[in-house]
Amino acid sequence: MATTPTPEIFKFHQDYSVRIDIKDGEPWFCLSDVCVVLDIKNPARVAKEMLDSKGVCLTYTLTDGGRQQLAFINEPNLYRVIFRSRKKEAEQFQKWVFEEVLPQIRKTGKYLPQPVETISNRQYYELKKQVDAISQNFHFAEKARYAIWRIIRSHLNATGVKQIPAHQYQECKNILSIANHKASKWRATVIAQEEVYLRENLGLTHNNLIIEQV
């Protein structure tokens, strides 16, 4: 059983920390971290039943909670775990490892995250138009606008509105289009309920309402 200093911690999608230990120039991935990314339960069972034991290394590692024993897996076992996952991010995780992490580790011995291209000003204003249109369906439009941006930032793991990754621009537009459709239907329902209330409680007919609006 090996002992290692604190492994390097890499960020996947800003939300997930993946510890990687370099042994003889090759990366070994913390199995529990990988299982969190891929939403796979019971890492111990995964190691026992699904992986090649020769590619599993139990290592005493320094953590925030002190010295703990963790399982690290080699690259072939990493792909075995990825293929077991049904999470939509599995393919993105594999691409991140294969196209970014491994080439840099083998070239420099460490991984330096690549800068993420963010949306352009034109794309931002296109999204802003959609958000403004959705918010107009609500009485508290400004609060609705803030809430919509907050949900978008959270869903796309963006630190700010203009930090939305460029490759997620179309996904963002699609989300807002669906939200606008639902908000419009909700607004139509509210208007219909208001008309019923006015008719039943104040004696106003549909024609009265149209005249008053004019």
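Is Arg45 buried, partly exposed or exposed? In this predicted model, Arg45 is partly exposed, with a relative accessible area of 42%.

View 1. Glu49 has a relative accessible area of 52% and is exposed, whereas Arg45, at 42%, is partly exposed.

**View 2. A salt bridge between Asp33 and Arg19 links helix H1 to strand S3.** The structure holds 8 salt bridges, and in this one the N to O distance is 2.8 Å. Asp33 lies in helix H1 (residues 31-37) and Arg19 in strand S3 (residues 16-23), so the pair ties together parts that are 14 residues apart in sequence. The relative accessible area of Asp33 is 10%, and this residue is buried. Side chains of opposite charge can pair when their charged atoms come close.

**View 3. The side chains of Lys23 and Asp21 form a salt bridge.** Here the N to O distance is 2.8 Å. Asp21 has a relative accessibility of 9% and therefore counts as buried, the cut-off being under 20%.

**View 4. Asn74 contacts the backbone at the start of helix H3.** A side-chain oxygen of Asn74 comes to within 3.1 Å of the backbone nitrogen of Asn77. Helix H3 spans residues 75-84, and Asn77 is one of its buried residues. Also buried in H3 are Glu75, Leu78, Tyr79, Val81 and Ile82.

**View 5. Helices H6 and H7 contribute to the lining of the second largest pocket.** This pocket has a volume of about 160 Å³. Its lining consists of Ile134, Phe138, Ala144, Ala147, Ile148, Ile151, Ile152, Ile175, Leu176, Ala179 and Ala183. Helix H6 (141-156) and helix H7 (169-202) each supply at least two of the lining residues. The most come from H6, which gives 5 residues. By residue class, the lining has 11 nonpolar, no polar and no charged residues.

Technical notes
Residues numbered from 1 in each chain as written. Predicted model: local features only at pLDDT ≥ 70, side-chain atom pairs only at ≥ 80, totals over all residues. Heavy atoms only, no water. 1 Å grid on protein atoms, 1.4 Å probe; cavity = no way out; pocket = protein on both sides within 12 Å on 5 of 7 lines; lining within 4 Å. Points joined across faces, edges and corners; volume = space filled by probe spheres on them. Helix = DSSP H or I, 4+ residues; strand = E, 2+ residues; numbered from the N terminus. Nonpolar A, V, L, I, M, F, W, Y, C, P; charged D, E, K, R; others polar. Buried < 20%, exposed > 50% of the residue type's maximum accessible area, 1.4 Å probe, protein only. Polar contact = N/O pair within 3.5 Å; in protein donor to acceptor, adjacent residues only side chain to side chain. Salt bridge = Lys/Arg side-chain N within 4 Å of Asp/Glu carboxyl O.
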